[in-house]
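This report goes through selected local features of one protein chain.

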Amino acid sequence: MDCKEVILKNEASRCFLCDDAPCTKACKNGIEIDKIIRSINFDNINGARARLNSFECGDCISGACTQSCNRGKLDKAVDIQVILDTLSEYKEDTYEDIDLTTDLCGVKCENPFFLSSSVVGSNYEMVAKAFEMGWAGVAFKTIGMFVPEEVSPRFSRLSKGNTSFVGFKNIEQISDHSLKENLEFISKLKKNYPSKVIIASIMGRNSEEWTTLASLCEQAGADVIECNFSCPQMVGEGLGSDVGVNQKLVYEYTKATAAGTKLPVFAKMTPNITTMIPPALAAIKGGADGLAAINTVKSIMNIDLDTFVSSPDVRKKSSVGGYSGKAVKPIALRFINEMAACEELNGVPISGMGGIETWRDAAEFMSLGCSTVQITTAVMQYGYRIIEDLIDGLKHYMSNKGFTSVNDFIGKANENIISADNLDRSYICLPKFDRERCVSCNRCYVSCFDGGHQAIKMNGEGKPVLNVDKCVGCHLCKLVCPVDAISNGKILSKQI
């Protein structure tokens, strides 16, 4: 990141991302300050710049936006003028003729962005609001022939520093609405939003229930059936991820589902397994047309060391639950690549999910082969409104890369993921220090000495000096530098 981007992201990250934001209401010049700051937080600086009109904040002497900032009630208000002044230094970036339409087993989608099967898509009002805001579709919260008993509370989070949602845990089960209610929701949604795509996520307890649920959801108006073989916190054997790790059950229940519908069938895979290939192949053999991955990762979170109770605390007890959020994205990408690279699964559509917050996250999944992506945890934290920056950010990216269709880059990254034994081991890339940007914090030295190869010393001015003879080019120093003052430098061939 350059200095401008550091300033923007550091200050914007302090914003509470308020709904009905007081800063925007206080601005007499009509600047959508809240949307600008939100775009910066969601890695869409080009979109943020496009929202900034010709007005220069230097002309404003009232500072009403900053004075109204809710952050000021906690510590110090967000410096909105610094954000807008810095943003104005960026060149305006526009796009046109960008096609975000994609395909889900023959079902046309206006863009790749779906709500994943969860509480964010669990009734008519919620999904209707999301559709109105621009989401292409929904994987409706998993429907069963039974209504589970839920606990309270049922959510927990993992935090680090000022980041409150590094990871998220839930112990929630499938829909708490009756089968009749859920089918009515789907029917009404399809009637009122015929161009939107409705994926009916289902979970049966035996083959007969899988067949029946598929048939009923098709009759209600669903476009696609998704078999939930992956929920890790279901109460009872033979449900959720218990199915996903059992090839025989995956095959049996997929076959039963396909027998009940003519719609495309997707199998939602569990990450609570070493490899997804065997169950994925079993699903395809059973009649699945596509795959969805990943669901949440089994987890235990946040032990209270005074009470020794894990969270969420349900009357001093807790249980294993599903872990999601930004932290699981690398796990999800690994599984997506594994399935996309499998010759026996060649051409099988994949709907990806797991830690997607920004357009960049989504584009990474698409670059590994996903034609659509599904999102839950980011919506739970920030709301359906993130769709604006998902769409806008992706369009800016595609325009800058010369892509006119999402098909131009779907799967493009897979050729660059190779086995470890085929990586080039003939050279060392040394780090390069920008001593003007360096703030002499000594973080590179500490990490290299305590966690690397003791290849860095500090000179009399507190700046790093590299010992080339000891450096192995691991780039730990680059990763820990808080001001991005270390970059890739000279490449040396190894002596053989």
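Lys329 is buried, at a relative accessible area of 12%. The model is a predicted one, and in it Lys329 forms a salt bridge with Asp361, with 2.8 Å between the closest N and O atoms. This pair links distant parts of the chain: Lys329 belongs to helix H13 (residues 329–340) and Asp361 to helix H14 (residues 359–367), 32 residues apart. Asp361 is buried as well, with a relative accessible area of 2%.

Both partners count as buried because their values, 12% for Lys329 and 2% for Asp361, fall under the 20% cut-off.

## Other salt bridges

Across the whole structure, the search finds 23 salt bridges. One of them joins Lys141 and Glu172, whose closest N and O atoms are 2.3 Å apart. Here too the pair links distant parts of the chain: Lys141 is in strand S4 (residues 137–143), while Glu172 is in the loop between strand S6 (163–170) and helix H8 (179–192), 31 residues apart. Lys141 is buried, with a relative accessible area of 7%, and Glu172 also counts as buried, at 8% relative accessibility.

How exposed are the partners when Asp313 and Lys316 meet in a salt bridge? Asp313 is partly exposed, with a relative accessible area of 30%, and Lys316 is exposed, with a relative accessible area of 52%. Lys316 is classed as exposed because its 52% is over the 50% cut-off, whereas the 30% of Asp313 falls in the range between 20% and 50%. The N to O distance in this pair is 3.8 Å. Elsewhere, salt bridges with shared partners join Glu32, Lys35, Arg38, Arg51 and Glu388 into one network.

## The loop between S11 and S12

A nonpolar surface patch of about 550 Å² is made by Ile300, Ile303, Leu305, Phe308 and Val320. Val320 is found in the loop between strand S11 (297–299) and strand S12 (321–324), and counts as partly exposed at 38% relative accessibility. Phe308 is found in the loop between S11 and S12 and is exposed, with a relative accessible area of 61%. The backbone of Phe308 has a phi near 60°, a positive value in a residue other than glycine.

The loop between S11 and S12 also holds Pro312. A cis peptide bond joins Ser311 to Pro312, with omega about 0°.

## Strand S15 and its partner

Strand S15 (residues 427–433) is mostly covered, with five of its seven residues buried. Which strand is joined to S15 by six bridges? The partner is strand S18 (residues 486–493), and the two run antiparallel. Within this pairing, Tyr427 stands opposite Ser493 in S18.

Asp484 lies in the loop between helix H18 (476–480) and S18. Asp484 has a positive phi of about 55° although it is not a glycine. The residue is partly exposed, with a relative accessible area of 33%.

## Cysteines

How many disulfides does a search of the whole structure find? The count is zero. Cys27 is in no disulfide, and the nearest cysteine sulfur, that of Cys65, is 6.4 Å away. Cys27 counts as buried, at 17% relative accessibility.

Cys477 is likewise in no disulfide; the nearest cysteine sulfur belongs to Cys444 and is 6.5 Å away. At 7% relative accessibility, Cys477 counts as buried.

The peptide bond from Ser152 to Pro153 is cis, with omega near -5°. Pro153 lies in the loop between S4 and strand S5 (155–160). Strand S4 is also the element that holds Lys141, the partner of Glu172 in the salt bridge described above.

Key:
Residues numbered from 1 in each chain as written. Predicted model: local features only at pLDDT ≥ 70, side-chain atom pairs only at ≥ 80, totals over all residues. Heavy atoms only, no water. Salt bridge = Lys/Arg side-chain N within 4 Å of Asp/Glu carboxyl O. Helix = DSSP H or I, 4+ residues; strand = E, 2+ residues; numbered from the N terminus. Buried < 20%, exposed > 50% of the residue type's maximum accessible area, 1.4 Å probe, protein only. Patch = residues over 30% accessible without salt bridge, like charges linked within 9 Å, V, L, I, M, F, W, Y side chains within 5 Å. Areas by Shrake-Rupley, 256 points an atom, 1.4 Å probe, with all protein chains shown as cover. Pairing = 2+ DSSP bridges. Disulfide = S-S within 2.5 Å.
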